[in-house]
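Thanks for coming, everyone. I'll walk you through one structure this morning. Here it is on the screen.

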Amino acid sequence: MIRSIEWKGNSIKIINQKLLPTKLVYVNIKTTKELASAISDLTIRGAPAIGVAAAFGVALEANLSKEKSFKRFRLKMEKAISLLSNTRPTAFNLFWALKRMREIIESNKNKEVHHIKRLLIEEALKIHKEDEKICKKIGENGSRLIPQKANIMTHCNAGSLATSYWGTALGVIYTSVKKGKKIRVFATETRPLLQGARLTTWELLLNGVDVTLITDNEAGFIMKKEDIDCVVVGADRIATNGDVANKIGTYSLAILAKEHRIPFYVAAPTSTFDPSIKRGEEIPIEQRSRDEIVKIGTTRIAPDDVNVRNYAFDVTPARYISAIVTEKGILKTPFKKKISSILGRR
Ligand code: MRU
């Protein structure tokens, strides 16, 4: 397994995911400004990995700060937090991790700045380590839903690259394979940025998992032809009624799965649930640049002046979701009460 992100003290080491699968290049991020642009341009991506990166970003800013007065230190930290929070609007783990980091500052106001700095680094490392454990638990819980022999469809990348180590949707697959289940994965290419083609197939092959790449438009026909046993995807933000925001195209897959009577599973840590959002319609959906659609890489594939919509995520209503797999257990519909009891316990 590879590690998408590591803390190096004076820098954050990440894989440049834009260059995969042709080149495996690590970048050392030395400032929060560099980190903010690495998150915005998807050098690092996937909701849990973005959360870990943001926590490391605050820790980095603290580590580099020479401020001795709490007031000035806090101001610097707030500037970094605000810069990082303006990168990816849908990924809830980003805001969740930044809130945890801010709470460390606020609850230790009376301590010396050098002590708060240490606490911030410790908290970021904790978030990183926790994510690995949580994903392993998601994998363990989710694998109980997977038959001994299964064809599984997945979308985008919710694997090692999108988390600190084990992955969420792919974590379910890795644990199932580890348990000796015979798994074949069908990975959608995931237009426009091809996370499925570039990242999911790359990491599954690296880990010896049987994977077949399909175009996004093949999904329905493959469901009909290939005995797909279930669809497993990750999530960027989950409302308290169980509506799920995930990579654009997830909603269409969920509808297709329902038509073909295929269970549709979402695998996500409870840190992806947004307690302030009641329904999917309230989730802010990121829109990205037109270039991502009118070009593939540097090659233009559409007229320059065509109108474009580039929503990076969509919302799948809870009624299409058979179960949400979390580290705290498998939630089945109706989700509302179960989600509120889980969030109460978090
Ligand atoms: O735009 P991306 O690549 O960050 O989108 C990623 C996804 O949609 C993932 O499915 C989601 O973040 C879950 S990752 C465990």
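Into which domains is the protein divided? There are two of them here: domain 1 covers 5-136, and domain 2 covers 137-345. Please keep in mind that this is a predicted model.

Let's start with how the domains sit together. Their centres, taken over C-alpha atoms, are 25 Å apart. On the domain 1 side, 30 residues make contact, and they touch 37 residues of domain 2. Between them the two domains bury about 2,700 Å². Carbon and sulfur atoms account for 56% of that area. Look at Thr-90, Phe-92 and Lys-136 in domain 1. These three lose the most area to domain 2, together 25% of what that side buries.

How many salt bridges are there between domain 1 and domain 2? The count is one. Find Arg-88 and Glu-286 on the screen. Their side chains meet in a salt bridge at 2.8 Å, N to O.

Another pair is Asp-291 with Lys-295, at 3.4 Å, N to O. Asp-291 is partly exposed, at 38% relative accessible area. Lys-295 is partly exposed too, at 28%. Now the network: through shared partners, salt bridges join Arg-88, Glu-286, Arg-288 and Glu-292 into one.

Across the whole structure, the search finds 22 salt bridges. One of them is between the side chains of Glu-132 and Arg-3, at 3.1 Å, N to O. Glu-132 has 13% relative accessibility, so Glu-132 counts as buried; the cut-off is under 20%. Arg-3, at 28%, is partly exposed.

Next, the strands. A quick reminder: strands of a sheet pair through backbone hydrogen bonds, parallel or antiparallel.

Take β4, residues 149-154. Five of its six residues are buried, so the strand is mostly covered. β4 pairs with β5 (residues 182-188) in the parallel sense, over six bridges. Thr-154 stands opposite Ala-187 in β5. How does the chain get from β4 to β5? It crosses through helix α6 (residues 169-178), and this β-α-β crossover is right-handed.

β4 has another partner, β7 (residues 230-233). Those two strands run parallel, joined by two bridges. Met-153 stands opposite Val-231 in β7.

Now move along to β5. Five bridges join β5 to β6 (residues 210-214), and these strands run parallel. Val-185 has Val-211 of β6 as its bridge partner. β5, helix α7 (residues 195-206) and β6 make a right-handed β-α-β unit.

Last stop. Which order do the strands take in the open sheet of three? The order is β8-β9-β13, and the pairing is antiparallel. The edge strands are β8 (237-238) and β13 (313-316), each pairing on one side only. β8 is joined to β9 (residues 244-247) by two bridges. In β9, Ala-245 is the bridge partner of Arg-237.

That's the tour. Over to you for questions.

Methods. Residues numbered from 1 in each chain as written. Predicted model: local features only at pLDDT ≥ 70, side-chain atom pairs only at ≥ 80, totals over all residues. Heavy atoms only, no water. Buried < 20%, exposed > 50% of the residue type's maximum accessible area, 1.4 Å probe, protein only. Helix = DSSP H or I, 4+ residues; strand = E, 2+ residues; numbered from the N terminus. Pairing = 2+ DSSP bridges. Right-handed = clockwise from strand over helix to strand, strands pointing away. Domains from an automatic or database assignment. Contact = heavy atoms within 4.5 Å. Buried area = accessible area lost by both parts, 1.4 Å probe. Salt bridge = Lys/Arg side-chain N within 4 Å of Asp/Glu carboxyl O.
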